[in-house]
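User: I am new to this structure and would like to learn how to read its features step by step. Could you begin with the general idea and then turn to the case at hand?

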Amino acid sequence: MNPILLIQDGMSDVQTAVDTASAANVAAERITLWDMALNGGWIMLVLLLMLALAIYIGVERYLALRQAVKVEDDDLFMNNIKDYIHKGDVEGARALSKQTNSPLSRMVDKGLSRLGRPLSDIQTAIENEGKLEVARLEKRVSLVATVASLGPMIGFLGTVTGMVTCFQDMAHAGNNIEIGTLATGMYQAMVTTIGGLIVGIICYFLYNILVTKINKVVLDIEVRASEFMDLLHEPA
């Protein structure tokens, strides 16, 4: 057999063994997302707490907004209010408003409490109550926007502190600088950047969902309040 062919076959076997060993080492050294987060240091803990707070507020507000306006319930409520008004039973209408306990019912109750005054005064009272209801609906939503803004900034802070750690390790290593010496600082720098961006993206998306839902709820309440004012404008 040709010696050159034997050498080539031997080299092929060695290369195959090296590739297999390299693949095994890569698989062994592959880190999980949790390990990556741990390498980010205390900055990742701050980001995690901020994300948990934003998600909690987002879920709580979304459920509250869904509860605030139910089309079927509001339709039934307004029909009953019309019946009471047409009968002249203002006290019955107010009792129904207090029993319903929704943003719309509180606005209607405020208007009913001003009956006998000029319609402009009634409308002003309803608008003022509406502003209070909107403020209640928007409660803590601004915190989600704050987290969306601060997340990338805190992630960038982790990037800077990671680079400072990297340079400190370089200074202490002197002329014996190795890649492993810089790994801790570089891990922290990169991982915190990724973490901050992820928190910012999730919270920004969540904030926009809440704002859209709030605008829809406010529009529905305004339409119902206009129906109530039209009812008061009807001739007795």
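Analyst: A salt bridge is counted where a side-chain nitrogen of Lys or Arg lies within 4 Å of a carboxyl oxygen of Asp or Glu. Please keep in mind that this is a predicted model. With that cut-off, Glu60 forms a salt bridge with Arg140, and their closest N and O atoms are 2.9 Å apart. Because Glu60 lies in helix 3 (residues 42–68) and Arg140 in the loop between helix 7 and helix 8 (141–173), the pair ties together parts that are 80 residues apart in sequence.

User: Which other residue forms a salt bridge with Glu60?

Analyst: Arg61 does, and the closest N and O atoms of that pair are 2.9 Å apart.

User: How many salt bridges does the structure hold?

Analyst: There are eight salt bridges in the structure. One of them joins Glu133 to Arg136, with the closest N and O atoms 2.6 Å apart.

User: How should I read a pair that lies within one helix?

Analyst: The general idea is that an α-helix has 3.6 residues a turn, so residues three or four places apart point the same way. In this structure, Glu133 and Arg136 both lie in helix 7 and are three residues apart, which is about one turn of the helix. Glu133 counts as buried, at 2% relative accessibility, while Arg136 is partly exposed, with a relative accessible area of 41%.

User: What span should helix 7 have, and how far apart are its end C-alpha atoms?

Analyst: Helix 7 covers residues 119–137, and at 1.5 Å a residue its 19 residues should span 27 Å; the end C-alpha atoms are 27 Å apart, so the two values agree.

User: Which residues of helix 7 are buried, and where do they sit around the axis?

Analyst: The buried residues of helix 7 are Ile122, Ala125, Ile126, Glu129, Gly130, Glu133 and Leu137. Around the axis they cover an arc of only 140°, which means that they lie on the same side of helix 7.

How values were computed:
Residues are numbered from 1 along each chain as its sequence is written. This is a predicted model: local features need pLDDT of at least 70, side-chain atom pairs count only at pLDDT 80 or more; totals for chains, interfaces and linings use all residues. Side-chain values use heavy atoms; hydrogens and water are left out. Helices (H or I, at least four residues) and strands (E, at least two) are DSSP runs, numbered from the N terminus. The expected span of a helix is 1.5 Å times one less than its number of residues. Buried means under 20% relative accessible area, exposed over 50%, partly exposed in between (1.4 Å probe, protein chains only). The arc is that of the directions from the helix axis to the C-beta atoms.
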